[in-house]
Every structure is written in C-alpha cells, then in structure tokens.
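Please examine the sequence and the structure shown below.

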Amino acid sequence: MDILIIIYMSVNFEKGSFSGLELTPRKIPYMKYLLSKNDLVRTNELSENLGVEPSTVTKTLDELVDEGYVYREPYRGVRLTDIGVKYASFLVHRHQILELVFGKYGISPKEICDEVSRIEPFVSKKSVDTICASMGHPTISQCPSGSYNRILCPENLK
Ligand SMILES: [Zn+2]
Ligand SMILES: [Zn+2]
C-alpha cells in the first residue's frame with residue numbers, strides 16, 4: 001500500500017473515524033488473537049490457534065502489515081501497531097455489544113457467541129456505538145469464550 005494512504009488512514013484513525021467495515025472477515029480472528037496476547041506472536045502460534053496453514057498466515061499478515069494494523073519484527077514475530085490495538089479493541093467491543101443484543105431473546109450464550117462471530121464483520125462502528133450508548137455503556141461482557149470480562153467500550157476505558 002502507498003505510504004501516503006497509510007498516513008491518511010492513520011490520521012483518520014486518530015480522529016476515531018473508521019467505519020468498522022475495513023477488514024475482511026477472515027482477518028478479524030488474527031486481530032483479536034494479537035490483542036489478547038499483547039506481545040510478539042510467531043506465525044506458528046497463529047497457525048495453530050487459528051487452524052490456518054502457515055503459508056496463509058504469512059500472506060494474511062503481509063496484508064495486515066501493509067494496511068498498518070500489524071508490525072513485523074524480523075525473526076521474532078508480529079504484534080499490533082497502535083492503530084491495530086485501537087481497531088482490535090473495537091472488534092472485541094462490537095462482538096460484546098452484539099452478544100448483549102442477542103442475549104435478550106433466550107438463545108444460549110454459546111450459540112449467541114457463534115452467531116455473532118458470523119455476522120459481526122458486517123456491522124458498522126456507528127451502529128455499535130449507538131447501541132452501546134442506548135444501553136448506557138454496559139461494563140460486563142457475556143461472552144463465554146472471550147478473554148475479557150470488561151466490555152471494551154471507549155467510554156468505560158476513560
Ligand atoms: Zn463471544
Ligand atoms: Zn459504549
């Protein structure tokens with residue numbers, strides 16, 4: 001990707017004005033995994049945990065590096081950039097909020113988690129923020145498989 005586009009994206013991210021629809025669905029688990037580690041992660045570790053071939057992991061990481069979400073330290077692994085951390089936090093927040101929405105109708109937490117994982121790539125940040133605000137910025141996550149008890153709403157993290 002052109003360096004000017006990356007800088008432009010960075011500026012947009014600083015303003016918090018991303019749509020939430022930037023990433024293709026298959027990249028979302030990578031971002032969430034890297035956020036949960038908060039450290040350098042090796043390709044093999046991602047491959048094992050995501051159940052994806054190492055060659056595919058390398059290719060996807062190349063794209064995430066080009067897009068500015070991931071930083072690669074040669075021979076040591078990858079980690080999220082500052083923008084990547086911000087974006088991955090949103091991805092977790094979106095999952096958590098959509099689970100609360102589904103949670104009102106008697107579906108089991110495990111089913112909800114699976115359903116939300118399938119639909120979440122197509123829900124915008126604007127909608128997530130609006131729903132979260134209308135719920136009064138809830139603080140406790142209902143996700144049975146997530147690494148976070150706290151809902152990662154920017155309002156809760158202030
Ligand atoms: Zn979940
Ligand atoms: Zn909120």
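The paragraphs below describe the protein as a whole and then one of its helices. The model is predicted.

The protein contains seven helices and two strands. Along the sequence, these elements follow the pattern α-α-α-α-β-β-α-α-α. Of its 158 residues, 25% count as buried. Among the contacts with a separation of 6 or more, 58% are accounted for by residues 24 or more positions apart.

Attention now turns to helix H2, which spans residues 28-37. Which residues of H2 are buried? They are Tyr30, Met31, Leu34 and Leu35. An α-helix has 3.6 residues a turn, so residues three or four places apart point the same way. Viewed down the axis of H2, the buried residues fall within an arc of 130 degrees, and they therefore line one face of the helix. The elements that cover these buried residues include helix H3 (43-50), helix H4 (54-66), strand E1 (70-73), strand E2 (77-80) and helix H5. After H2 comes Asn38, whose phi is positive, near 50 degrees.

Two packed helices are described by the angle between their axes and the distance between the axes. For H2 and H5 (residues 82-102), the angle is about 105 degrees and the axes lie 9 Å apart. The two helices are therefore roughly perpendicular to each other. On the side of H2, the contact is made by Ile28, Met31, Lys32, Leu34 and Leu35. H5 contributes Gly84, Val85, Tyr87, Ala88, Ser89, Leu91 and Val92. By class, this contact has nine nonpolar, two polar and one charged residues.

Conventions. Residues are numbered from 1 along each chain as its sequence is written. Chains are lettered from A and ligands numbered from 1 in the order in which they are written. This is a predicted model: local features need pLDDT of at least 70, side-chain atom pairs count only at pLDDT 80 or more; totals for chains, interfaces and linings use all residues. Axes are lines fitted to C-alpha atoms, for helices over the stretch in contact, and angles run from 0 to 180 degrees between N-to-C directions. Helices (H or I, at least four residues) and strands (E, at least two) are DSSP runs, numbered from the N terminus. Angles under 35 degrees count as roughly parallel, over 145 as roughly antiparallel, 65 to 115 as roughly perpendicular and the rest as oblique. Two residues are in contact if their C-beta atoms, placed from the backbone, lie within 7 Å. Ala, Val, Leu, Ile, Met, Phe, Trp, Tyr, Cys and Pro count as nonpolar, Asp, Glu, Lys and Arg as charged, and the others, Gly among them, as polar. A residue is buried if 20 or more other C-beta atoms lie within 10 Å of its own, exposed if 12 or fewer, and partly exposed in between; C-beta atoms are placed from the backbone. The arc is that of the directions from the helix axis to the C-beta atoms.
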